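Dear colleague,

I am passing on a structure for you to look at, with some notes on what was found in it. Please have the file open beside this message as you read.

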Amino acid sequence: MLKKTQVAPHAAEAVNSAKTRQPLYAARKKIFPKRASGNFRRFKWLVMAITLGIYYLTPWLRWDRGSYAPDQAVLLDLAHRRFYFFFVEIWPQEFYYVAGLLMMAGIGLFLITSTVGRAWCGYTCPQTVWVDLFLVVERAIEGDRNARMKLDAGPWTMRKLVLRVSKHAIWLVIAVATGGAWIFYFADAPTLALDVVEGTAAPVAYVTIAVLMATTYTFGGLMREQVCTYMCPWPRIQAAMLDENSLTVTYNDWRGEPRSRHAKKAIAAGQPVGDCVDCNACVAVCPMGVDIRDGQQLECITCALCIDACDGIMDKLGRERGLISYARLSDYNANMALATAGGTVPVNPALVRTVTGAFSDGLAHFQLRNIFRLRTFIYLGAWSAVGLALLISLLTRERLELNVLHDRNPQFVSLSDGSIRNGYTVKLLNMIPEPRAIVVTLQGLPGAEMSAVGIELPPARSFETLVEPDRLKVLKVFVRQPAGQVEGTARSFKFRIEDKAGLESAEYTATFNAPETAR
Amino acid sequence: MMSNEQVDEISGIATTGHEWDGIKELNNPLPRWWVITFYVTIAWAAAYTIAYPAWPMLSSATKGVLGFSSRNDVKNELAAAEAAKGTYVAAIEQKSVSEIVADDALREFAVAAGGAAFKVNCVQCHGSGGQGSAGFPNLNDDDWLWGGKAEQIQQTIMHGIRFASDLDTRVSEMPAFGDIITPEQITQVSAYVASLSGAVKDASLVEPGAKVFAENCVACHGDKAQGNRELGAPNLTDAIWLYRSGETAIAAQVREPKHGIMPAWAGRLGQTAVKELTVYVHSLGGGE
């Protein structure tokens, strides 16, 4: 039945194994993750390529916005307080769109975590992606796990020095490139790139590069898994969002135990033997240095590399894949109950197999419908609601706005012919990258006419002014109402502005004040 | 000391060898990075006191090799601020006030600068919004004693009004008619003047009042009481009254006129500030 029972075990021990477990305040145990290969590793390469590609290439994408706005697709123009994202342009007062996106990111994280566990940590978190990248460099220069362990333990020879210096040099280059890419989100990338190289860019650009270089190098190269275990709040928060229906990377005790390195002997002795040959391959590939066979734990980022490692071993041994797999806690519990005959005996893998050695039909497996449950629907609903609200708001938002400030000192002025004049600061916001002729009109306030400082027009109930593209225009407007038509000490009226092309309009209700005894 | 290192049995940690009444101190050294950081801060502090002013001496303190001084910093920042305003200030010095008013960017700058100067120098009499009060003209309205064109306002600010120590100051004085005409005539002329801009209690006084006005007042206030800006004589037909409206207030002003005094500001503030103030006052809404 068993074609093979032995593979060469790895001399690997989990950094947090129960045997030697210490409080978190302890010296670091060095981890030398072995290269894994398999489906998840391939998927992770793909995710790494996509995420790094997005990060490095996005600032270089162009987007034509006409001659009055920058043509960079994604640009945080802090100097001019504008945020450009492809077809969207956001002014500072519209920053709630970013708040909405953050809400979606939060709810999206709940949704993903409750379905597929800590997928964010294992695949897309920048810390994971950059550590992965740094490990690629480390492996390319120093070799795989065993070579690195040997090198690390060995004395300082010329070879070790050369290898270490070149590794850190390449890490620093990656770190500089990381910081360097960041700044391009804040200014025109091609111009800034040239300025940075020529040394004429703003000091803040160099400081930003330096800070991000330092954090990337320290977190990605030196601290690695410690960032996740000690510094990051997500493991704590994400763990709280898991439930018995969430998929997590699971060691299936019910077919693995009792693990044995000497299965032949054990079989001969008539003892139950599980599929785990205790080769420690899962520990050797783990970038966090944990042993998944100890169960779900805070340190595990669910990168699934142990699944690849174990599947490789299982293939070699000619057994079914999936000794370590993505599984729901509820399925795992059901299968454990099966394997232990309801908890009455220690795990006996024979209980989950039929006489032919195939898995019994009673085993619980993950079904796609398991992800459709009330919790995920609520998350999906909330996520979609926020997204829909943002989308509707984005599609219907005004690109022409009007703000009016009534002069408070003096509130009104009596003029020589007895008429009453009020002053207003009128702000016209032309939020599109095109110049626009805006018509300002008075509504209400019979007999009143207005004039604006700097606009040489006779007083009228309406005037036209040109507002520059993507700019705010501040006008000082005087509204004057003849004495006979003044009613009451405070009267509401409206300023109305309209795009001359008739596309958009806006109104603002203002107050006109008058003395109690206007002549 | 390495040879006789003692290890605490319970915790398995080496002790320092110090013992007090059977209590031993565990040797838990600080993390190395922490110790290194600590020494770096000490070195940093030492270097800092050499680089920057630090050590007190008898009458002063060490200057520091970098030559830093917070006073110099302020001086440089002020100079930079002045330099930033430089092009505007130079243009304001060059141009006439009406040219400044016509130039959007210059006007905005001058209104901001003039507004600041106004808050310091003018609000005591004219009010924080330039709204004035009895005896102190409202600068927002369209009634001007000495003219509301930019150049006229500039002249007023530069040389003041009835300001004895400035030779070019604007001067005029209304005689105290209490000594010249009879109280009855004062009542009549006050009724006439009040009638020009509103109703009066006793309409029969208006006609004799007009006669008194024609005999005594037209020289300065004009035959239609429209005023004369050359003399600072107010327009008596409009709705604006510097010394309050109504027959009683007018009579008091005819009997024994009050005269406001405004200081000359050219010598104190300089031409540039006066121009900025002019543009600010002109922008309040009544500028002509």
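In what order do the strands of the open sheet of three strands in chain A stand? The order is E1-E2-E3, and the pairing is antiparallel, where strands are DSSP runs of type E with at least two residues and helices are runs of H or I with at least four, both numbered from the N terminus, and where two strands count as paired if DSSP finds at least two bridges between them.

Before going further, please note that this is a predicted model, in which local features need pLDDT of at least 70 and side-chain atom pairs count only at pLDDT 80 or more, while totals for chains, interfaces and linings use all residues. Residues are numbered from 1 along each chain as its sequence is written, and chains are lettered from A and ligands numbered from 1 in the order in which they are written. The predictor gives the complex an ipTM of 0.75 and a pTM of 0.75. For chain B the mean pLDDT (the predictor's confidence in each residue, from 0 to 100) is 91, with 99% of its residues at 70 or more.

The sheet of three strands

In the E1-E2-E3 sheet of chain A, strand E1 (74-77) and strand E3 (88-90) are at the edges with a single partner strand each, so that one side of each has no neighbour in the sheet. Neighbouring strands here are turned by 10° against each other on average, direction ignored, the axes being lines fitted to C-alpha atoms (for helices over the stretch in contact) and angles running from 0 to 180 degrees between N-to-C directions. E1(A) and E2(A) are joined in the antiparallel sense by four bridges, and Leu75(A) has Tyr84(A) of E2(A) as its bridge partner. These two strands form a hairpin with four residues between them, in whose turn Arg81(A) has a positive phi of about 55°. Strand E2 (residues 82-85) pairs with E3(A) over three bridges, again antiparallel; in E3(A), Val88(A) is the bridge partner of Phe85(A), and Ile90(A) that of Phe83(A). The hairpin of E2(A) and E3(A) has two residues between the strands, and Phe86(A) takes a positive phi near 50° there.

The sheet of four strands

A further open sheet in chain A has four strands in the order E11-E9-E13-E14, with antiparallel pairing. Strand E11 (462-467) and strand E14 (505-513) stand at its edges, each with a single partner strand, so one side of each is left without a neighbour in the sheet. Strand E9 (residues 436-443) and strand E13 (residues 490-499) run antiparallel and are joined by six bridges, and Leu442(A) stands opposite Phe495(A) in E13(A).

Chain A is divided into domain 1 (42-94 + 127-230), domain 2 (243-366) and domain 3 (400-513), with bounds that come from an automatic or database domain assignment. The C-alpha centres of domain 1 and domain 2 of chain A lie 39 Å apart, and seven residues of domain 1 are in contact with seven residues of domain 2, contact meaning that C-beta atoms, placed from the backbone, lie within 7 Å. On the domain 1 side of this contact, H4 and helix H9 (225-231) give two or more residues, and H9(A) gives the most, with three residues.

Chain B is divided into domain 1 (73-169 + 262-283) and domain 2 (177-255), whose C-alpha centres are separated by 33 Å.

With best regards

Methods: Two residues are in contact if their C-beta atoms, placed from the backbone, lie within 7 Å.
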